[in-house]
Each structure stands twice: as structure tokens, then as C-alpha cells.
Amino acid sequence: MFCGALQIRDRHGIETRRAPREEPTSGSCACIVRYGDDRECSHWISHHGSHRAHYYRYGHQLHENHQADTDIRHLGYHFAWFLWTHYSSRGKRVDIVAHSMGGLIARYALAQTERGHDRFPPYLLVEDVATLGTPHGGARWYTSGCGRGQCIQMNAGSSFLVWLEQNGWEPDGRGGTDWSTFGSDDDNLVAADRAAGTARDRDPAHDYIVSCHKVWYRESANIEHSDFLHTVSKETSADVYRFSCRTGRWVRDDTSHWPVRRADLAVTFGTF
Ligand SMILES: [Zn+2]
Ligand SMILES: [Zn+2]
Ligand SMILES: [Zn+2]
């Protein structure tokens, strides 16, 4: 299924952190996994904010829940208020690990808040975001499993993705946000370059998002779309290309970390 997962982490107990498990299989994909929590969808974002305030068009059910085809911008709005209520308004800085569409939800939430949209919270305290298999440059044309509206929003060149490039080029919470974007050659829903946020030639001039860290799992690593959530090995044996804004260069690395561990390191230390 093509949807999004979001995991929130605070700054305590690094070693007890758990990886997200399955993608949700029904209802809205924009569920929240709390840091240190073992279960998917432990917290729904629906009760934060007012449903009718932002792109309330389709995808709502009775009891004000969301369906699998809710406008990504609407989910981003709820997510921004979720972050505000539980963390930012209390001075808590968090990290976000996002899979697939979840990365667009987080990017939109940070972008609209940063530009001061009057329906969004005053600010967000998000230190790091790692997105895994997120279609920053668009999903493959045949991608299915998303709702019709969401699929349209995730098409390469959609007005939504163009908006994100224009308004969420380098989205920052208050105090700055460090972005890491992961893609994989074996992801048959989102091409490696488009998830890593660059182009096939890896020329920074063709990026889709300014992320300080980019990781491109090569074919031999065999990371498929959902493997970003499940490949928890702590070995350093993955074949990647990776980029760091500190050097401004892409390097080939055959002894790299696997996705879940890599995401941990990215949001915890910002190291590569
Ligand atoms: Zn809603
Ligand atoms: Zn809540
Ligand atoms: Zn950082």
C-alpha cells in the first residue's frame, strides 16, 4: 500500500527507540507513532486543529476521521497542530522519521508554518527530519494504492509538488531543521533519485529539496519501498551513494548503514 507513516521522537532514551513496523492498512495513512512506542498508529492526528480550516474537500468520514484519500495538505495541517499541541507549545524539540507520503505531510506542515500561514501554528520545534521513500520529485506513474486525489498530488510535476519546491525548498522549524532524504534503486513506487530529492545525474542543480543528507541505496542493496521500514540490521554492509552538504559531494560507499539504523543516526546525530 502506498501511504505514509510518521514517527515522532523526543530526546530521551535513544537506545530504547523502536522502528516503525507495518504501514497501516486501512483508514488514513497519516497516523502517528510516538517515540518509544511499539505500535503503529498509536495516536491519530485528527483531533488537532479544525477539520474545515484547511483543504477540507474530500476524504472525511463520519466521526471526523480521515479516509485513505484525504488531501495531503489537509493531513499536513492536522500534523502541524499535532506537533504544536504535544511538543512545540511545551518547548519540546522533536525529530521525525517519515516513510513515503508521510514525508510530504511533514514537509508541507513545516513549510506552511514557516511561511506564517494564518491557520497554522506560530512555530514548530523540529530538529531533524528523515524521509524514506518519499516522492519529493514524484511517484512512478503507475503507482497505485494511494487514493485518487493523493495519487494526483504525488504525480511528478503536480501542482502540489511544484508548490512544495517553491515554498518548501528547505523547510525549517524554529531554530532550523536538518533534512535527510533516502531513496533506493529497488523501490518500484518511487525512483531513487526522486526520493533522495535529486536527479539521475545527482547534480545538485536538479534537486527537488534541499536536504543536507541524501542516501541512495543501490540495486545490490535490494531495498524495496516498504523495506525502508523493516530493514533493521545494524551491520554496515549496504551499497549506497550518499551526499552530505558538509562536503557538498556525493560519494560511493559499500559499507553503509541499513535504512532504519541510518535514519536513527541521521535524526540523532546528524552524522553520516
Ligand atoms: Zn480532518
Ligand atoms: Zn493528540
Ligand atoms: Zn540534526
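**Close-up views of helix α2 and its partners**

**View 1. Helix α1 against helix α2.** In this predicted model, I72, R73, L75, G76, F79 and A80 of α1 meet M101, L104, I105, A106, Y108, A109 and T113 of α2. Sorted by class, this contact of α1 with α2 has 10 nonpolar, 2 polar and 1 charged residues. α1 covers residues 72-86, and its axis lies 8 Å from that of α2, at an angle of about 65°. Angles of 65 to 115 degrees count as roughly perpendicular, so α1 and α2 are roughly perpendicular to each other. The crossing of α1 past α2 is right-handed.

**View 2. Helix α2 against helix α4.** Helix α2 (residues 101-114) also packs with helix α4 (residues 159-167), at an angle of about 45° and with the axes 10 Å apart. The two helices, α2 and α4, are therefore oblique to each other. α2 passes α4 in a left-handed crossing. On the α2 side the contact uses L104, R107, Y108, A111 and Q112, and on the α4 side F160, L161, W163, L164, E165 and N167. The residues of this contact of α2 with α4 are 7 nonpolar, 2 polar and 2 charged.

**View 3. Helix α2 along its length.** How many of the 14 residues of α2 are buried? The count is 13, so α2 is largely enclosed by the rest of the structure. At 1.5 Å a residue, α2 should span 20 Å, and this agrees with its end C-alpha atoms, which are 20 Å apart. After α2 comes G116, with a positive phi near 80°.

Terms used
Residues numbered from 1 in each chain as written. Chains lettered and ligands numbered in written order. Predicted model: local features only at pLDDT ≥ 70, side-chain atom pairs only at ≥ 80, totals over all residues. Heavy atoms only, no water. Axes fitted to C-alpha atoms, helices over the stretch in contact; angles between N-to-C directions. Helix = DSSP H or I, 4+ residues; strand = E, 2+ residues; numbered from the N terminus. Parallel < 35°, antiparallel > 145°, perpendicular 65-115°, else oblique. Left-handed = near helix turned anticlockwise from the far one by under 90°. Contact = heavy atoms within 4.5 Å. Nonpolar A, V, L, I, M, F, W, Y, C, P; charged D, E, K, R; others polar. Expected span 1.5 Å × (residues − 1). Buried < 20%, exposed > 50% of the residue type's maximum accessible area, 1.4 Å probe, protein only.
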